[in-house]
Structures are given as structure tokens and as C-alpha cells.
Amino acid sequence: MTRTLADTWTLAKRSLRHITRSPDTVITVLLMPIALMLLFAYVWGGAVGRQTGSVSYINFIVPGIVVMTVVSGIAYAAVRLNMDVQSGIINRFRTMPVAPSSILGGQVASSTLSNVVSSVLVLLVAFAIGFRSQAGVVGWLVFAGILVLFTLSTTWLAIFFGLLAKTMEGAGAFSYVLILLIFISPAFVPTNSMTPLLRGFAENQPMTPVVETMRSLLVNGTAGPKVWTALAWILGLLVISYLLSVAVYKRKAIVVNT
Amino acid sequence: MEAAIEVKSLRKSYKKVSVLKDVSFSVQKGTVFALLGSNGAGKTTTINILTTLIKADGGTAAVAGYDVAARPHKVRNEISLTGQLAAVDNRLTGRENLLLIGDLRHVADSAGTAADLLRRFGLEEAADRGVSTFSGGMRRRLDIAMSLIGSPAVIFLDEPTTGFDPEARNEMWRTIHKLAQGGTTVFLTTQHLEEADELADHIAVLHQGRTVASGTASELKKLVPGGLIELTFHDDETRDAAAKVLGKSHAHTEGDGARLSIFTDGAVAQVASMFVVLRDARIEPTGFSQKVATLDDVFLKVTGAGREDE
């Protein structure tokens, strides 16, 4: 067990080195959510912002932007893992006395860590342009807990696609679906402005309770009514992605290096 | 002597394609073993099974005394694999690559081991440069150096010189010779008879998923006991005509420059009948000579490649 943990940390450090050594990907990961935030706050905010009632528009969008940051980050986690698969280094690890949970766990740990750092940076920018939170210490801690859980479960989804993809370009493509889900949710616009059909979808898809719970925590400091639905989605995704990833991992060597 | 690798009747299919049909061989401890075969013969599949990457459909395989299917973790403690792709981390430096493997193998002095290997493989100067700046040969050397960490009992090399220029190939050969002298069991695959002849104590020929012959290079050469009679003809057309008439009764391979090599057991009757057939067909060779069999001839004989009588 201690050996498994030590190996996981060794491999997580390796993966973190990859991240810090490619500043271009770090910038790309951060650029999209920050640019989007500025765009919403300064360009569209004037028009859309009137719809958000008592909540200021910047406060309204920040939770969605944080979720966007994570989704943008995990796409790169999938690409990094796929690079390892294509280069044959995963096969090298597999022929060594290293537990599968360390090989995949190292990637998960580095992705989670780097995404939390990215989220903090994005939040700092948000504060700089006027975001204000009513949350106390407990509120922030619960927010951080949900953010970490969300990152963890979507990272496992990234691991699944990273293992499955035939090309590096394809590995991150799944994130577009997640980004679409963020847009068709109350992340940036209230759902009551959508057509009835879209609104029905928006109110029942997984991103909605996640975004609304995060918003409630950041803006009011309380978890709000949708926290259990959000946790159910997050944990469900975590379990399913984990099982799928392990199944693909066990099968994968057949495809690689033959 | 004890066997480092023992393989019996190994079988493996992907979907409906049968890649390994019947593979058997054994490798003695501390020797160099070459699995010789052309592209698609099943060499990499065999290596993937022996290194626990995939499971066989049938038969048994044991490495260092452990069954690869039943006790893969035990096997992984004893082996290392250098695949066809140089599986090094391009985004780390040479030294970091070695430290990574040292840490994962939990060697006592990871840093010291890395420094020692960098010296042995002539990578000291480039040690702290990113591997992405390495040449193909350097990358391959680093790859092998990574495989040596933790002193595995059996080292697997999948086509270690494929894509190498002659200089890099000779260097790799020297490295493999040194490994063997150090008492490591080396299992390598190759498409080149010359390489198997140069490196291996023992060779098995893999053809279409079956081990069709095995032995030392000289034992294999005895499979063509009488050697060969090499006939020379005036031109390629005459040679082809001769190949056609001889095809039914005499196994042969075609050579460059209007030559034809006929396998013989050395018996007078067989050699005589060959000349009778040629005389009856009114084909006149410009010359003939007796040749000692090379591994090439063995390979062609046991795989049936180059034979025209089918």
C-alpha cells in the first residue's frame, strides 16, 4: 500500500513536470475561461446582466467560469495520457512492478492539483474585475470540496477518453460536449430566458445542479437546494468513469505497440 | 542449466486472426536468445505475452520460474522491456528518465545508479538536456539504460536495431554482448539472420505463428546437411527455366546474377538426378559449385520461402 502511494506520487510528480514545462498549454487552459469571463462581463453582460435579478452579473457567471476552467484543463489531461499511450511509455510502466492504480492515479492526482491551481488563478482574476463573495470559511471549504470532487470525476472521464483515443487530437474532443452542456445550463444565462424545450433539458442535465450549487456557495455562502443532486451526478460520473477507465486500461495493451 | 524462459505451445488470436499457432522454445539462464522471423510472424505478440502485456489464449509461458498468466507481478519484478518504440519520456531530461525508473523500481541509490548508467552509455554530456533534443541512437541507448535499472534477470529487446545505420547497429551489438557477459539473460527479436548469428547463443525461427526450427546457429546450419549446389546460368531466363523443371523434385532458392541454389543431402543419387533433369530439359549451366549452408539458407528452407513448387 505504501509502495502504491509512493509510486502514485512519483508518477504524479512526473506529470506535474510535464505541465510546468509546457507553459503554452498552461496558458491555453487558462486563456479560454478568462477570455470568456471578460467577454461576458464587459461585452454581453450589459444586455444579459439585467436578467439576473439581485445577483450582479459577474457574481452570476463566476461559478460557470470555474467549471469551464476545469473542463478546459481535463481536456489536456486526456491529451497528456494519450501521448504516453502512443509513445509506449505506458507499456514500459505496465511491464514493471507498478500497480495500475499508480499509473492512472498519478495522472489523476496531477490533473486535479493543476486544475485547482488554475481555478484559484481564475478566481483571482474574477476578484480583480469585481467579483465579490458572501461566503465564509465554511462556504469556501464546501465550495473547494465540491470543486475537487468535480475535477476528480471529470478527470477520470478524461482518463477514459485519453486511453481510448486513437490520436492525440481526438483525446480531448470529449470536452466539447461538456462545454456545450455548460452553455446549455444556467451558467451564463438564467434558464427562464430559454425556449421551453431547451429549458427542460437545461434544468435536468448534470451541469445545472453543479453550477447552481457552486453559485449558491459563492454568492450566499450556503449550499442551496441542489447540492444533493449535484453530488449524485458527480459521484455517479466518478464511479462510471473509473470503472470504464480500468476496463479500457486492462484491454489496451492489445492495441498498443503491435 | 536452468531455464530463464520456458514456452510451450503458445497460442494467441486477435478476433478471428490467429497470430500465434504453436510457439515453443526455452531459453537458458545467462544466454542470448534470438527469435527470428519476418514481419508479421508473431514476434512482438510473443514478447507482449512474455512481458505480461497481453494474455495468451492457450499454452504456457514461464519467465524466471513464474507463470506469466498466473503470477504477472512476480514476472514484472524480474524483467524489463525495450520495445520497438523508444519508450522514453521526451519531456524529461535523460537523467530524470533514469531517476523516474529508479524510483519506480525502488532501487537503493537512484541518483547513483542514474549517474553510473549515463557514464556507461556515453550520455553524460547530454544528461541534463531534454530527451526531445536527443538523436535516435541516443534515445535508444537511454531506453536500454532505463531497462537495466534494478538489474532485471531477463531483458527483452524487440527488434533492437531496426531503423539503425550500420554504426549505431554495431554499437547496439556491443551493448548486447556486454549485457550477456554480465550474466543477464537477453531475449531479442530480429528480422535479420546476420544479427541472430552475431548475437545469439540460441535461435528459434518463427514463421506464420509457429516455431519451425530452433537450435544454435551451427545446429540450424546442419538442417541443410549436404549444403547446397549452386548453379550459374547464362541469363535469368535460363535460370528461370531451370527453376521450373527442378521445382518438382529439388528444393531450391534463387540467387542474384542468374544463380540457383539447390538444397542437397550430399547423396550421389540426388545430385545426379538434378543434372539428369537439366540434361533432359536441354538446359546447360555455365558452372556449378558446392556451398556451405548459411543461416539464410536455413531460414529459406524451414520457412519454405523462395520455394517455387507450390
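1. Two strands pair if DSSP finds at least two bridges between them; helices (H or I, at least four residues) and strands (E, at least two) are DSSP runs, numbered from the N terminus. With that in hand, look at chain B: strand 12 of chain B and strand 13 (residues 259-263) of chain B run antiparallel and are joined by four bridges. In this pair, B:Thr253 sits opposite B:Ser261 of strand 13.

2. A word on what you are viewing: this is a predicted model, where local features need pLDDT of at least 70, side-chain atom pairs count only at pLDDT 80 or more, and totals for chains, interfaces and linings use all residues. Residues are numbered from 1 along each chain as its sequence is written, while chains are lettered from A and ligands numbered from 1 in the order in which they are written.

3. Now widen the view to the sheet. Four strands of chain B make an open sheet, ordered 12-13-11-14, with antiparallel pairing. Its edges are strand 12 (252-255) and strand 14 (287-291) of chain B, each pairing on one side only.

4. After helix 10 of chain B comes B:Arg282, with a positive phi near 55 degrees.

5. Finally, turn to chain A, which has 11 helices and zero strands. The C-alpha atoms of chain A fill a box of roughly 60 × 35 × 30 Å along the principal axes.
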